[in-house]
Amino acid sequence: YWLYKNEPELKDKLSIPVRESDYYNLATFWIENRGHHCGFPLWGTWGYRKSEKWIKDACYNQAEFGTHSRPSWGEYSQDSIPVLEQKTIEGHAVRATLMATGLTAAALENQSPQYIETAKRLWENMAGKRMFITGGVGAIHEDEKFGPDYFLPTDAYLETCAAVGAGFFSQRMNQLTCNARYMDEVERVLYNNVLTGVSLSGDKYTYQNPLNTDKPDRWEWHVCPCCPPMFLKIMAAMPGYIYAYQGDNVYVNLFIGSEVRIPVGDNSVRLKQLTSYPWHGAVSIQVNPDKASTFSMKVRIPGWAQGTENPYDLYQSNLKAPVKLKVNQEDVLLRIVDGYAEINREWKKGDHIELELPMQPRLITANKAVENLRGQVALASGPIIYCFEDADNPELQTFKLQAQTPLELSHDSNLLNGVNIIKCQGDIPAKAIPYYAVANREESHSYKVWIPQK
């Protein structure tokens, strides 16, 4: 729909008539028709075999089940109740996140309050009660589905494709609302659950991404090879996520070395970003408008850098270091609106912004409602979640992290293609590596993100 709406000349290249509205109507049909059915079969109580037979026998056509023309495909397919009435995100985690992405894209187009509120409600439930610290979603192996609120076991399923879907959903929510909290979760997904989906050599993959396991699994080929192309999809889309613009506002969403030209009113602005993030917290942004003009640069300040590990208190961390911002080498008072530091001024060629984010290692704990994670902690630095791998920690199975253990961040250029590591200088010295780098060494047989705290 957007393709033909924005580039109508493409319609002339086809030998058949094209009405872009047909695509829009079909998309909204797939959203709004969900949940409208005869109410049967009852997948949760009847079980799969009986439910599938009931559908194959077309029992839904019997008069006793009303005049609806089709059966229910249940929570698995987000079809138990109408989508616009859903209070929680349910069912197969890949299907659910991609459906929610489509719902949010439709909301961008129609600006329907019902669509917008539904998208917000589903995202808040996902991010606030059902998302794992690595950005993964889909706790349960059976049906590859979301679990109930606050069910976040360390051995959860967490399909790579589901993390990609969560990233797509969060990015669309950022487009819809211009709120940086959604890009915080895009960043969490990208640097953790999505990136671990491909090996450092680029030829092995993961389907499941548990947080603690003694059976890490990477493969060259899978009977259901959906994850590698989904990884490619989000990597191909990622450059378009770095910046955004609306009216006189220019947004910097991700900290990635890049150049872009952005229209601002009757002006054009070239931005160039230089950074070694996420290994270091320094970000330099050159701002070069074609002509001097006044507009607002909005630079995302991640929630974790402000002491907010999760916008709904699902996770907490102990980072208390400041964020520093300068324009043309002069300190700027942080004015944060919707997660963005706003800098409204007349910009001219040669101006530059310098951002310094605190990368000190931090301890993360989960909300007390998460029974599975009580008494356990995880480590992070910047957007990267860390884990302990047995290749570095022979006593991993009995290791406990002392609350006051000094944590030291350093770079090891010879390890895992070059990574920042966190050394724990306690009774038993330990070393943590980025979660995304797990299962890349032959001597690796287990790892843990969540560690008991002594």
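Predicted model: local features only at pLDDT ≥ 70, side-chain atom pairs only at ≥ 80, totals over all residues.
Local features here need pLDDT of at least 70, side-chain atom pairs count only at pLDDT 80 or more, and totals for chains, interfaces and linings use all residues. Residues are numbered from 1 along each chain as its sequence is written, and side-chain values use heavy atoms, with hydrogens and water left out.

Start with the sheet. Five strands form an open sheet in the order β2-β3-β7-β12-β11, with mixed pairing. Strands (E, at least two residues) and helices (H or I, at least four) are DSSP runs, numbered from the N terminus. Two strands pair if DSSP finds at least two bridges between them. β2 (243–246) and β11 (336–337) stand at the edges. Each has a single partner strand, so one side of each is left without a neighbour in the sheet.

Now cross the sheet from β2. This strand pairs with β3 (residues 249–252) in the antiparallel sense, over four bridges. Tyrosine 245 stands opposite valine 250 in β3. The hairpin of β2 and β3 has two residues between the strands. There, glycine 247 takes a positive phi near 60°. Next comes β7 (residues 293–300), which runs parallel to β3 and is joined to it by four bridges. Valine 252 has valine 299 in β7 as its bridge partner. Isoleucine 336 stands opposite alanine 341 in β12.

Turn to the interior. A nonpolar core is a set of buried Ala, Val, Leu, Ile, Met, Phe, Trp, Tyr and Cys residues joined through side-chain atoms within 4.5 Å. Buried means under 20% relative accessible area, exposed over 50%, and partly exposed in between (1.4 Å probe, protein chains only). The largest core has 129 residues. Met297, Tyr315, Ile353 and Trp450 have the most contacts inside it. Helix α7 (residues 160–177) gives the most to this core, with nine residues. A second, separate core has seven residues, including Ile55 and Phe65.

What does methionine 297 touch? Its contacts (heavy atoms within 4.5 Å) include Val250, Ala341 and Ile353, not counting residues up to four places away in sequence.

Some nonpolar residues lie at the surface. Leu26, Phe29 and Trp30 form a nonpolar patch there. Such patches join nonpolar side chains (Val, Leu, Ile, Met, Phe, Trp, Tyr) within 5 Å, and like charges within 9 Å, using residues with over 30% relative accessible area and no salt bridge. Together the three have about 340 Å² of accessible area, from the Shrake-Rupley method with a 1.4 Å probe and, for residues, only the protein chains shown as cover. Tryptophan 30 lies in helix α2 (residues 20–32). This tryptophan is exposed, at 53%.

Last come the charges. Side chains of opposite charge can pair when their charged atoms come close. A salt bridge is a side-chain nitrogen of Lys or Arg within 4 Å of a carboxyl oxygen of Asp or Glu. The structure holds 24 of them. Lysine 129 forms one with aspartate 149, at 3.9 Å between the closest N and O atoms. Lysine 129 lies in helix α6 (residues 113–129) and aspartate 149 in the loop between α6 and α7, so the pair ties together parts that are 20 residues apart in sequence. Aspartate 351 bridges to arginine 345 at 3.6 Å. Aspartate 351 is buried, at 3%, whereas arginine 345 is partly exposed, at 26%. Salt bridges that share partners also join Glu90, Lys129, Arg130 and Asp149 into one network.
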